Amino acid sequence: MADVALKIREIARELLDSEKVDVVIGFKKGTLPVMSEPTIIRKASDTKDLIWDATCRLNLCNYLTGRKDRIGIIAKGCDARNIVGHIVENKIKRDQLVIIGVPCTGMADKKVLSDLAGGEVTAYSEAGDQITVSGPAGEKTVSKADVLQSNCCTCIKRNPVIFDEMAGEPVEELSPDNRFADVEAIASMDAAAKWGYFEELLSGCTRCYACKNACPLCYCPTCFVDESRPQWVGKGTDPIDIRTYHFLRAYHCAGRCTDCGACEAACPMDIKMRAFTRKSIKDCVDNYGWETGMKEGVRPPLDTFKTDDPEAFIR
Amino acid sequence: MQEFEPKIITFLCNWCTYGAADLAGVSRFQYPANMRIIRLPCSGRVSPKMVLSAFRNGADGVWISGCHPGDCHYITGNYYARRKFTLLKEMLEHTGLEPGRIQFSWISSAEGVKFADVARTVISEVKALGPAKGMAKEFIMSQEVA
């Protein structure tokens with residue numbers, strides 16, 4: 001991936017030097033070995049900080065919302081789909097953007113890596129398709145394909161849908177056998193088991209809101225969690241409030257979520273809250289044939305309708 | 001022991017189903033009194049927040065009803081609502097709500113008979129499910145001052 005990083009730096013430097021953009025949004029090395037950090041670069045000399053590896057999990061589209069300047073942004077497949085969403089939702093104008101597309105082969109799951117290292121990862125490096133991590137359990141080298149985030153295993157668009165520059169050769173798209181096996185596994189349980197599954201899933205939540213802060217879709221001026229008259233959801237860690245929060249957060253993303261996995265990547269408690277959003281993604285595919293962010297200028301499913309939409313459940 | 005009587009929060013659109021409820025009333029159609037009706041301008045006004053809020057405050061069931069598709073007072077409100085309800089119902093049941101606790105219907109203001117029918121069905125289905133366990137938040141209503 002090193003050549004991709006070099007290419008990204010070269011494009012970013014060129015864009016800043018020629019004053020085509022005011023800022024470039026990208027990733028730099030984080031303070032922890034398995035983490036990268038989103039960064040906004042204004043000077044061509046700082047482009048040397050830009051990196052690209054399997055720790056660039058977050059979604060940079062999150063930093064576009066409402067910006068007024070001209071922006072160069074690095075976008076993997078899912079980020080590019082979110083940028084399309086942002087353009088449709090009038091959060092950014094296409095002509096403000098220079099999109100530096102990066103064909104993506106997936107991101108490494110931070111939980112899997114730390115399990116592999118036997119605790120906190122103290123060193124991380126990548127060479128080709130091999131990832132090496134060190135930790136209490138010593139040094140381990142694995143193939144990246146074995147430590148991918150679960151959303152990367154069911155990715156439908158690894159190459160950016162829109163871009164102005166490309167920082168690498170297009171990669172082969174995945175064709176997963178059954179994209180929604182996880183949703184179907186939950187569907188096969190009875191109501192009590194489903195309830196228990198989500199209770200267990202959310203038991204670690206501390207309501208830190210990292211998931212909504214990392215999500216490019218969460219940009220309401222006042223979030224429903226902060227509304228107090230009426231108060232839709234309590235502030236504490238009452239299990240019902242946690243469940244209400246996660247449910248509503250996911251529902252707000254219905255028909256808009258690109259399954260980028262930024263929520264899970266940001267979660268300090270490693271909660272797999274995509275179990276909520278995955279359901280609405282599947283429902284949008286099944287009921288409306290909708291995939292988010294694949295085409296510019298198409299209204300999202302909850303902002304439009306057909307007179308013959310399915311309604312078997314309505315009396 | 002007393003028989004379980006469910007509490008069902010009912011969101012009705014002003015122009016159709018609320019009219020149907022009125023018609024059912026003046027026509028003296030009988031149905032059990034387990035419903036707490038909330039009148040809204042349109043079924044499109046129903047937000048998932050309201051539904052969750054109902055359950056969080058102790059409802060055993062929620063019933064949402066509006067105009068038939070094509071008959072919306074605001075022309076398209078219930079078409080948008082229909083998509084919203086599809087995703088809402090699916091996601092609620094995905095996360096462990098028993099099927100039947102949330103119900104939807106289209107009832108025009110001329111269908112007093114259908115209103116009473118659906119009301120009876122909804123109530124008996126929720127009754128059969130029993131009290132909604134674990135869905136309501138235990139609020140701290142008052143505190144003892146020493």
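**Exercise 1. How many cavities of 30 Å³ or more does a search of the whole structure find?**

Solution. The structure is a predicted model. Searching the whole of it gives 6 cavities at that cut-off.

**Exercise 2. Which chains supply the residues nearest the centre of the second largest cavity?**

Solution. 
- Step 1, volume. About 170 Å³ of space is found in the second largest cavity.
- Step 2, residues. Its lining numbers 13 residues; nearest the centre lie W195(A) and R243(A) from chain A, with L52(B), L92(B) and M135(B) from chain B.
- Step 3, elements. α8 (239-252) of chain A and α2 (48-56) of chain B each provide at least two lining residues. The top contributor is α8(A), with 4 residues.
- Step 4, classes. The lining splits into 8 nonpolar, 3 polar and 2 charged residues.

**Exercise 3. Turn to the open sites and describe the largest pocket.**

Solution. 
- Step 1, volume. The largest pocket holds about 700 Å³ of space.
- Step 2, residues. Of its 27 lining residues, Y251(A), H252(A), C253(A), R256(A) and L302(A) are nearest the centre.
- Step 3, elements. At least two lining residues come from each of α8 of chain A and α2 and α3 (77-94) of chain B.
- Step 4, classes. There are 15 nonpolar, 4 polar and 8 charged residues in this lining.

**Exercise 4. Which element gives the most to the lining of the second largest pocket?**

Solution. 
- Step 1, volume. The second largest pocket has about 270 Å³.
- Step 2, residues. It is lined by 16 residues, with I51(A), W52(A), D53(A), Y124(A) and E126(A) closest to its centre.
- α1 (2-17) and β5 (123-127) of chain A each supply at least two lining residues.
- β5(A) gives the most, with 4 residues.
- Step 5, classes. This lining contains 9 nonpolar, 3 polar and 4 charged residues.

How values were computed. Residues are numbered from 1 along each chain as its sequence is written. Chains are lettered from A and ligands numbered from 1 in the order in which they are written. This is a predicted model: local features need pLDDT of at least 70, side-chain atom pairs count only at pLDDT 80 or more; totals for chains, interfaces and linings use all residues. Side-chain values use heavy atoms; hydrogens and water are left out. On a 1 Å grid over the protein atoms alone, a cavity is a set of points where a 1.4 Å probe fits but cannot get out, and a pocket is an open set with protein on both sides within 12 Å along at least five of seven lines; lining residues have an atom within 4 Å of a point. Grid points are joined across faces, edges and corners, and a volume is the space filled by probe spheres set on the points. Ala, Val, Leu, Ile, Met, Phe, Trp, Tyr, Cys and Pro count as nonpolar, Asp, Glu, Lys and Arg as charged, and the others, Gly among them, as polar.
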